[in-house]
Protein chains: 2
Amino acid sequence: MYKSEQLAQQIRQQIENGSWHAHDKLPSLREQVQLSGFSLITVMNAYQELEAQGLVYAKEKSGYFVAEQIQSKLLDHASIVSLNSKVEINSLVFQYLKSTQSPSILPLGSAFPDSQLLYTPKLLQIMGQHARHRLSYDQVGSLPPGNFALRQLIAQRYRMQGIPTDADDIVITSGCLDALNLALQTVAKAGDYILLQQTIFYGAWQAAERLGLKVITIPEHPKYGFDLDAFTKVLKTYPIKVCWLMLNSHNPIGFTVSDEIKYEIAKLLHEYQIYLIEDDVYEEMYYGGKKPLPMKYFDQQNLVLHCSSFSKTLGAGFRVGWVYAGKFSNHIQHLQLMSTISVNALVQHALVDFLSSHHYEKHLRSLRLMLERCKKQFYQFFKQNLPAECEVYYYPSGYFLWLKLPKNMNSMHIYEQLLQQNISVAPSPLFNVLELQQHFLRVNCSFEWSDQIEMAMNTLIACIRQNHTSTLKTINE
Amino acid sequence: MYKSEQLAQQIRQQIENGSWHAHDKLPSLREQVQLSGFSLITVMNAYQELEAQGLVYAKEKSGYFVAEQIQSKLLDHASIVSLNSKVEINSLVFQYLKSTQSPSILPLGSAFPDSQLLYTPKLLQIMGQHARHRLSYDQVGSLPPGNFALRQLIAQRYRMQGIPTDADDIVITSGCLDALNLALQTVAKAGDYILLQQTIFYGAWQAAERLGLKVITIPEHPKYGFDLDAFTKVLKTYPIKVCWLMLNSHNPIGFTVSDEIKYEIAKLLHEYQIYLIEDDVYEEMYYGGKKPLPMKYFDQQNLVLHCSSFSKTLGAGFRVGWVYAGKFSNHIQHLQLMSTISVNALVQHALVDFLSSHHYEKHLRSLRLMLERCKKQFYQFFKQNLPAECEVYYYPSGYFLWLKLPKNMNSMHIYEQLLQQNISVAPSPLFNVLELQQHFLRVNCSFEWSDQIEMAMNTLIACIRQNHTSTLKTINE
C-alpha cells in the first residue's frame with residue numbers, strides 16, 4: 001500500500017467512527033505532516049484521494065473539510081448503503097438540475113432528448129384543436145385512474161408485446177417519476193429493504209431516502225448488465241421487500257438486459273415474493289427491429305409495477321406518465337387524490353387523438369433513427385478524441401453515452417469546470433453513492449451534430465485531458 | 001341522562017378502552033337486553049346513537065359491528081385527535097370523490113364551481129394559440145420554481161393587497177393541494193404537533209396522517225369563525241409546530257374571519273414561532289367590493305406559507321396552483337424535483353397571457369356575481385323548504401352552503417341515499433372526525449337554477465324529511 005493510501009485509510013476510519021464530523025476542518029497539510037510524520041507530498045495525495053472519494057471537500061484558501069457522509073458497507077456481492085445524509089444527494093441533484101435550467105447552457109447533462117426531436121407538428125396541431133374546446137378540460141373524466149380512452153390505448157401497447165392488459169390495469173400519472181414514487185409507496189413502508197442497482201437514476205435514491213427504506217445495491221455485471229449471482233445471494237441473505245430496477249436502455253449506463261436474464265429475475269421475484277418497481281421510461285428508444293420486453297412480460301403474479309411516460313418520446317412538458325398498477329390501482333389512486341389530484345385533462349384528451357392515429361408510430365420510427373444517427377456521431381468523436389485511458393460504453397439503444405474516466409479523476413470536477421463554460425454533463429455521483437465510482441460521466445447524445453456541438457465536445461475533451469494531466473502530475477510528483 | 005345514553009356511553013367506553021375491536025360484532029339487541037337489563041327500545045336507541053356517532057355500523061340482517069375508530073379526546077377548548085385509523089378517512093374521501101366522478105351524477109357535492117362558469121372563450125382561445133407552438137412546451141423555463149412571468153403576475157396580485165412580494169417568493173405547483181402538501185412537508189416532520197380547525201378540508205387530515213403528525217383541533221367560534229381563546233390556550237399548552245388554517249371563505253362552512261382576529265392570530269404565531277399553512281384557495285370568491293386579506297398580510301417573519309390556485313377561478317383541469325414560499329422556495333423545489341418535477345409548461349405559458357390581459361379581472365367580476373346570484377337562490381329555497389329543525393349557514397362569499405341537520409341525523413345516510421338517486425352532496429365526516437359533528441352537509445350552489453336543479457333539491461329535501469321523520473319515530477317509540 002502506498003503511504004498516501006495508508007494515511008487516507010486512517011483518516012477515512014476516523015471519519016467513519018465519528019472522530020470527525022461533517023464540515024469539520026481537517027488539519028492543514030503542514031499540521032498533518034507534523035501529526036502523521038508523512039511527507040508533504042504524501043499528505044497532499046492522501047487528501048486529494050479522500051476528496052476524489054467524496055469524503056472531504058476543499059475550500060479555496062481554507063483547506064480541507066469533512067463532507068457529509070453517505071456511508072456504505074461493501075459486502076461480498078453487494079453493498080448496504082445507509083442514506084444518513086439526506087442532504088447530500090438531494091443537494092447535488094438539485095444543483096445539477098438547476099444547472100441545466102438556464103437557456104444559455106448546452107444541456108449535454110439533460111436526461112431528455114433534444115426538444116427539436118419531440119413536439120411534432122401533428123401533435124401540436126391536435127393540441128391546438130383540443131385546447132379551444134371546453135370539453136377537453138373536463139376534470140371528471142381525467143380524475144384518477146385517468147382518461148379511459150388513453151388507458152385503453154396504453155393497454156393496447158402492452159398487449160402488442162403479449163402482455164394481457166386492459167384499461168383498468170393502468171393509472172395515468174404526472175410523468176414517470178410520479179409513477180415510480182406512487183408505485184414504491186404502494187408496496188413499501190419505512191424500514192423495508194429495497195434492492196437497487198448500484199448505478200441507477202437518482203430518483204431511486206431519493207425515493208428510498210424519503211420513505212426511510214434500507215438500501216441494498218448490487219453491482220452491474222460487466223458483460224450482461226445484470227449480475228444474477230449477486231442478485232440471488234442478496235435475496236437469500238436479506239428480507240428484500242421490493243426492487244427498483246431498470247433493465248432496458250439503462251439510465252445512465254445504457255445496457256439492455258437479455259430476455260433470458262429477465263426470465264430468471266422473474267423466477268426469483270416469484271420464489272421470494274418480491275415486488276419490482278420497473279423503470280422502463282426508455283422502452284421506445286431501441287434501435288433494432290424489436291422492442292425489448294419489460295419484466296412485466298415475465299410476471300405471472302402481479303409483482304411488477306411497470307412505469308413509463310411520454311416525456312422522452314413526445315415531450316417532458318406534457319407531464320404524462322403511467323403505471324401498470326393491476327390490483328394496486330385503487331391504492332395508487334388514493335395516493336394521487338391526496339397529492340396532485342389529477343393529471344392535466346387537456347393533454348390526456350389530445351394524447352388520445354395522437355396515439356390513436358398512425359402519427360405516433362411514424363414519429364417513434366423517425367425518432368429512433370435520429371437518435372441512433374446522433375449517438376453514433378458522438379461515439380465516433382469520443383473514440384477519436386478521448387485519452388486512451390478513458391472508455392466509452394456504447395449500446396444500441398437510447399441516447400446516452402457513459403464515459404469512464406481514469407480512476408483518479410473526479411467527474412464532479414469535470415462537471416463543475418464545464419458548467420463554467422456553459423456546458424452541462426451528468427457526473428456519476430448523481431447515480432451512484434459509492435466512493436469508488438466517481439469517475440464516470442453521462443453525455444446526452446440526442447443533438448444533431450453542428451459546429452456548436454463540436455465546439456462543446458472539444459471543450460469537454462480538453463477539460464478531461466487537463467484534469468487527467470494534473471492528476472498524473474500529482475501522482476508522479 | 002336517558003337510559004339509552006347511559007348504555008351508549010358504557011359501550012363507547014368499552015370500545016375506547018379496547019374491549020371491542022374494529023369489526024367485532026356487538027351483542028344482538030336481544031342479547032344486549034339480557035346482558036344490560038335495559039329494555040329493547042333503550043338498547044335500540046343506544047345502538048342507533050352509537051351508529052350516528054360513527055362508532056358502530058349496521059349490516060343488514062347481521063346486526064351491529066364496531067367501526068374502525070378515529071379516537072378523539074375532548075379537552076377543555078380543543079381536541080387531541082389520534083389518526084389511528086389511516087384507512088377510514090381516506091376510504092371515505094376516496095369513495096366520495098369517486099361518487100362525484102360519474103357524468104350521470106349531479107355534483108352538488110363537488111368542491112369546484114360549475115365548469116360552465118369557468119374556461120372562458122378568451123382563455124380557450126389563448127390556450128389554442130399557445131398549444132400550436134413548440135416553444136410553449138419548453139420545459140426548461142417551466143421547471144421549479146415555475147414560469148418566471150407567471151410568478152411575476154402572481155407576485156403582483158399580492159402586492160395589490162399590500163403584501164411585498166416578488167417572483168422569487170412564489171413556487172408554481174400542481175394545484176393547491178400540491179402546494180399545501182409541499183408547504184407542510186417543508187416545515188413539519190413526523191411526531192410534530194399540528195393545529196387544525198375542527199372542521200376543515202379533508203386534505204388537511206390526510207396530510208397530517210401521511211406525515212405522522214399529532215393533531216390538535218380547535219372548534220370554530222359560533223360567531224367569529226375562529227376561536228381566539230381556544231387557540232391561545234392550545235398554544236400555551238402544546239408545542240405546536242405548525243397550523244393549517246382556512247380563514248377566508250372557509251371550506252366547508254363558509255365564514256371569513258375578520259382582520260382584527262387575523263391580526264391577533266399573527267401576533268400569536270410570532271410569539272410562539274409557529275408556522276402557518278394558509279389554505280386560501282377561495283380568496284377570489286368574495287362578494288363585497290374588497291378582497292379579504294390573507295394571513296400572509298399580517299406576517300412579518302416569514303412564518304406563513306400561503307397557498308392558492310387557479311382551479312376554482314379558471315378551471316381545475318389546468319392543475320396550476322402556487323405557494324408563497326419565501327425563504328422556503330429552495331426546499332419546496334427540492335421536493336418537487338423528487339415528485340412531479342414540473343407543472344405543465346403549456347398551461348403556464350398560456351396563463352401568463354391571460355392573466356396579463358384585462359380578461360382575468362373581468363372574468364373574476366362576472367364569476368363573483370354569478371356565484372352570489374346562484375347561492376342566494378339555493379339559500380332561499382332551503383329557507384323555504386328545510387324542516388324547521390335544520391339550519392343553513394349563509395355567508396356572503398364562496399359557493400357553498402353548510403346545512404345543519406337535526407342532531408340525531410347522520411349525514412352519511414343522506415349522502416348514500418341521495419347517491420342512489422344520482423345526486424352527490426358532501427357529508428360532514430369528510431371534514432370533521434369528531435363523532436358529535438356528523439349531522440352537517442355541504443351543498444355546492446354554483447349551479448344556475450333550472451328544472452333539473454329544482455328537482456334535485458326537492459329530492460334532497462324529501463330525503464332529509466324522511467330521515468328526520470324516521471329519527472323522530474325511533475326516538476318517540
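**Group meeting talk: a predicted two-chain model**

Hi everyone, let me start with a proline. A:Pro145 sits in the loop of chain A that runs between helix 5 (121-131) and helix 6 (148-160). What joins A:Pro144 and A:Pro145? A cis peptide bond, with omega at about 5°. Before going on, please keep in mind that this is a predicted model, so everything I show you is computed from predicted coordinates.

Let me stay with the backbone for a moment. Most peptide bonds are trans, and most residues other than glycine have a negative phi. With that in mind, here is another loop of chain A to look at. Between strand 11 (240-245) and helix 10 (259-272) of chain A you will find A:Pro252. A cis peptide bond links A:Asn251 to A:Pro252, and omega there is about 10°. The loop between strand 11 and helix 10 of chain A also holds A:Ser249. A:Ser249 is not a glycine, and yet its phi is positive, at about 45°. Is A:Ser249 buried or exposed? A:Ser249 counts as buried, because 25 C-beta neighbours lie inside 10 Å, and the cut-off for buried is 20 or more.

A:Arg319 is another non-glycine residue with a positive phi, here about 55°. You can find A:Arg319 in the loop of chain A between strand 13 (304-309) and strand 14 (321-324). A:Arg319 has 31 C-beta neighbours inside 10 Å, so it counts as buried too.

Now let me zoom out to chain A as a whole. DSSP gives chain A 15 helices and 19 strands. The C-alpha trace of chain A spans about 75 × 55 × 40 Å along its principal axes. How does the radius of gyration of chain A, 23 Å, fit with that of a compact globule of 477 residues? The two agree, because a compact globule with 477 residues would have a radius of gyration near 23 Å. Of the 477 residues in chain A, 52% are buried. As for the contacts in chain A with a separation of 6 or more, 72% of them are between residues 24 or more positions apart.

Next, a sheet. In chain A, four strands make an open sheet with antiparallel pairing, and their order is 15-16-19-18. Which strands are at the edges? Strand 15 (391-393) and strand 18 (426-427) of chain A, each of which pairs on one side only. Strand 16 (residues 400-404) and strand 19 (residues 440-444) of chain A are joined by five bridges in the antiparallel sense. If you want a pair to click on, A:Trp402 stands opposite A:Arg442 in strand 19 of chain A. Helix 13 (residues 359-385) of chain A packs on this sheet, where it touches strand 15, strand 16 and strand 19. The direction of helix 13 makes about 15° with that of strand 16 of chain A.

Over to chain B. Chain B has an open, antiparallel sheet of four strands, in the order 15-16-19-18. Five bridges connect strand 16 (residues 400-404) of chain B with strand 19 (residues 440-444) of chain B. One pair to look up there is B:Lys404, whose bridge partner in strand 19 of chain B is B:Phe440.

Chain B also gives us a helix pair. Helix 9 (residues 228-237) and helix 10 (residues 259-272) of chain B pack at an angle of about 0°, and their axes are 11 Å apart. That angle is why helix 9 of chain B is described as roughly parallel to helix 10 of chain B. From helix 9 of chain B the contact uses B:Leu228, B:Phe231, B:Thr232 and B:Leu235, and from helix 10 of chain B it uses B:Ile261, B:Glu264, B:Ile265, B:Leu268 and B:Tyr272. By class, the residues of this contact are seven nonpolar, one polar and one charged.

Last topic: where the chains meet. How many residues of each chain are in contact? In chain B there are 43, and they contact 44 residues of chain A. Several helices of chain B each supply at least two residues to the side touching chain A, among them helix 4 (86-99), helix 7 (176-187) and helix 12 (345-356). Helix 5 of chain B gives the largest share of that side, five residues. That side of chain B has 19 nonpolar, 18 polar and six charged residues.

Methods:
Residues numbered from 1 in each chain as written. Chains lettered and ligands numbered in written order. Predicted model: local features only at pLDDT ≥ 70, side-chain atom pairs only at ≥ 80, totals over all residues. Pairing = 2+ DSSP bridges. Rg over C-alpha atoms; globule rule 2.2 N^0.38 Å. Buried ≥ 20, exposed ≤ 12 C-beta atoms within 10 Å, placed from the backbone. Contact = placed C-beta atoms within 7 Å. Nonpolar A, V, L, I, M, F, W, Y, C, P; charged D, E, K, R; others polar. Axes fitted to C-alpha atoms, helices over the stretch in contact; angles between N-to-C directions. Parallel < 35°, antiparallel > 145°, perpendicular 65-115°, else oblique.
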